[in-house]
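Hello,

Here is the structure I promised to pass on. Please have a look at it first, and then read my notes below.

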Amino acid sequence: MVDRTTTVVWDRALLDYDMGEHPLNPVRVELTMALARELGVLDRPGVRMVTPEPATDADLTRVHHADYLDAVRHAPLDPFFHGWGLNTDDNPVFEGMHEASARICGATITAAEAVWHGTTTRAVNVAGGLHHALAGRASGFCVYNDPAVAIARLLDQGAQRVAYVDVDVHHGDGVQAAFYNDPRVLTISLHETPLTLFPGTGFVEETGGPGAEGSAVNIPLPPGTGDAAWLRAFYAIVPSVLRAFAPEIIFSQCGADAHRLDPLADLRLSVDGQRAAYLAMRDLADELCDGRWVAMGGGGYALVEVVPRAWAHLLATVTGAPIEPATPTPMPWRKFAAERCPRATIPETMTDGVEPAVEHWQPGTTPDPVDRAILASRMAVFPLHGLDPHDPRD
């Protein structure tokens with residue numbers, strides 16, 4: 001096997017993206033990094049820890065409007081500020097909001113450039129994945145859109161085929177919107193149906209703008225979808241479209257909020273199912289683009305019970321060998337988690353006790369709503385890539 005090197009972009013200053021009493025609590029990132037460290041993941045051979053610089057205004061305005069940046073800077077200074085999606089329940093303002101948001105974008109840029117320029121094979125920023133921010137508006141807990149900003153940087157440096165795969169429970173609307181008319185960027189999103197969940201976008205009919213038909217792929221899944229059905233949907237669509245697109249590099253937004261314990265959504269994945277998704281994306285990057293893979297965090301609001309374990313599995317997958325599911329969580333981490341979140345239930349192992357099965361999709365074999373969603377997605381986008389939506393071999 002070819003040796004792989006990994007850049008882990010990290011700085012405790014990334015925890016400054018802190019909206020206060022809010023579901024997006026940075027403790028989830030703090031506990032993730034602490035768990036990965038206790039498991040020895042960050043000390044593996046070939047792992048390079050890098051401290052990022054904040055993104056510049058020139059970086060940010062590749063995606064966001066300049067007057068929106070001015071609003072983000074000004075909003076914390078005015079308690080009555082209104083507009084731009086800021087100072088709302090979803091997107092409260094906080095001191096240093098521009099600087100903290102720009103630093104997260106800078107971290108994802110650092111990860112992307114390390115991979116693009118061959119400094120490393122894979123890279124990860126677990127504090128990133130703020131995929132809802134729009135060109136001139138904060139949305140869904142996201143102020144600046146770090147995946148879109150980093151992808152735009154690579155386009156400016158000559159990238160021609162960038163694939164973005166989003167497995168957050170919410171549709172990756174901000175990234176899709178940023179590149180909807182750009183055939184150089186393929187956005188794929190598996191998410192709970194927009195009929196029941198924010199942001200209300202991500203229908204199968206959203207397939208890309210004029211000249212970029214097929215560049216947006218959406219797989220909206222019904223509430224209650226668990227590991228086996230979710231993985232069936234993933235394998236029925238994602239590998240085929242990626243192979244047809246032939247990416248030079250793959251970005252993954254790995255929100256952990258599709259888990260059954262997440263309080264803000266209604267899919268039913270386990271940590272084990274999420275681990276299986278990370279392994280699948282790693283294997284696709286190895287197959288299609290010599291391993292070039294940039295991974296980010298994203299949503300996830302079961303702060304102790306789920307996110308640290310899911311993203312420690314992600315960090316392990318990106319840096320080398322996956323963690324065995326039955327591995328106990330280290331006692332020092334359990335004590336630290338209990339100190340940081342005294343009311344939480346502290347998980348004792350890295351598994352939910354599930355062994356996810358990969359079921360291969362067959363057209364027209366069941367009335368299952370997930371199978372109907374799979375066929376609808378394939379019908380919408382496969383012909384645009386020269387693929388047969390009814391042929392399970394495609």
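Which residues point one way from strand 7, and which the other way? Ile-249, Phe-251 and Gln-253 take one side, Ile-250 and Ser-252 take the other, and all are buried (under 20% relative accessible area, with a 1.4 Å probe and protein chains only). Helices (H or I, at least four residues) and strands (E, at least two) are DSSP runs, numbered from the N terminus.

A word on the basis: this is a predicted model, where local features need pLDDT of at least 70 and side-chain atom pairs count only at pLDDT 80 or more, while totals for chains, interfaces and linings use all residues. Residues are numbered from 1 along each chain as its sequence is written, and side-chain values use heavy atoms, leaving out hydrogens and water.

Back to strand 7 (residues 249-253): five of its five residues are buried, so it is largely enclosed by the rest of the structure. What pairs with it? Strands count as paired if DSSP finds at least two bridges between them. Strand 4 (residues 162-166) runs parallel to strand 7 and is joined to it by five bridges; there, Ala-163 has Ile-250 as its bridge partner. Strand 8 (residues 293-296) also pairs with strand 7 in the parallel sense, over four bridges, and Val-294 of strand 8 stands opposite Phe-251. Between strand 7 and strand 8 the chain passes through helix 8 (residues 271-289), in a right-handed β-α-β crossover (with the strands pointing away from the viewer, the path from the first strand over the helix to the second runs clockwise).

Enjoy exploring!

Best wishes

Note on methods. Buried < 20%, exposed > 50% of the residue type's maximum accessible area, 1.4 Å probe, protein only.
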